[in-house]
Amino acid sequence: MLSQSVASELREAISAGEFQPGEQLSEVKAAERFHCSRNTLRESFTRLAAERIVERIPNRGVFLATPDADYIHDLFAARAAIEPAAVRWGKFADAPSLVALTSSAFDYAAHGGHNEVSYINQQFHRKLVASLGSPTLNEQMDNLLARMRLTFLLAIPRYPQLHADHIQGNITLATLIADGKRQEAATLSHDSLMNTCEKILAVLDD
């Protein structure tokens, strides 16, 4: 279905940081970019609105969501349900590669590569959920990653070390998975997500 494909491309663009929270989406420009009709684009917007990635404002247009406290709580509650389950029960064909991936973020952080650190963080969490082998959950994770990016874009101006501060935690989590300590890893995953939620809410509340 074309509208589903366009929605997927929009999610990826949002996850890549190409749009800002609250930014208006131009139907004309978006239709040109994704090579689709405006009717197809509107169907995609309807799908994304149901996922809380965009919102329609009557007589004004379609805008990227601007996360508030309820939005952020909901986002992290969903992640805290899915990701620890993946850590506990997922199949990791090459678990040591997760350690290499998360460790590589330190090199980028040392040279101010904040976008690269953010990308590695996203890839790591995407791989965790992908370990369950569920297309349904992979699609849900795409949604959560787009919402995550909007949340981070709000928080990072006030908390620039947000991603860098999580590198060591990601390495520890990846190491536990590689060592087969799945229950310990699942507990760490859950606690880390909820702690991050509270930190972001505190930063945005200042």
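Mentor: Start at a turn. In the hairpin of strand 2 and strand 3, three residues lie between the strands, and Asn-59 takes a positive phi near 65 degrees. Strands here are DSSP E runs of at least two residues, helices are H or I runs of at least four, and both are numbered from the N terminus. This is a predicted model: local features need pLDDT of at least 70, side-chain atom pairs count only at pLDDT 80 or more, and totals for chains, interfaces and linings use all residues. Residues are numbered from 1 along each chain as its sequence is written, and side-chain values use heavy atoms, with hydrogens and water left out.

Trainee: In which sense do strand 2 and strand 3 pair, and over how many bridges?

Mentor: The general idea: strands of a sheet pair through backbone hydrogen bonds, either parallel or antiparallel. Strand 2 and strand 3 (residues 61-64) pair in the antiparallel sense, over four bridges. Pairing requires at least two DSSP bridges between two strands. Ile-57 has Gly-61 of strand 3 as its bridge partner.

Trainee: What is the strand order in the open sheet?

Mentor: The three strands run in the order 1-3-2, with antiparallel pairing. Strand 1 (24-25) and strand 2 (54-57) are the edge strands, each pairing on one side only. Helix 3 (residues 38-50) packs on the sheet and touches strand 1, strand 2 and strand 3. Touching is contact, meaning heavy atoms within 4.5 Å. The direction of helix 3 makes about 110 degrees with that of strand 2.

Trainee: Now helices. At what angle do helix 5 and helix 8 pack?

Mentor: Two packed helices are described by the angle between their axes and the distance between the axes. Axes are lines fitted to C-alpha atoms, for helices over the stretch in contact, and angles run from 0 to 180 degrees between N-to-C directions. Helix 5 (residues 95-110) and helix 8 (residues 167-178) pack at about 165 degrees, with axes 8 Å apart. That makes helix 5 roughly antiparallel to helix 8 (over 145 degrees; under 35 is roughly parallel, 65 to 115 roughly perpendicular, the rest oblique). The contact includes Leu-98 and Phe-106 of helix 5, and Ile-171 and Ala-178 of helix 8.

Trainee: What about helix 6 and helix 8: which angle and axis distance?

Mentor: Helix 6 (residues 114-130) packs with helix 8 at about 30 degrees, axes 11 Å apart. Helix 6 is therefore roughly parallel to helix 8. Among the contact residues are Phe-124 and Leu-128 of helix 6, and Leu-173 and Ile-177 of helix 8.
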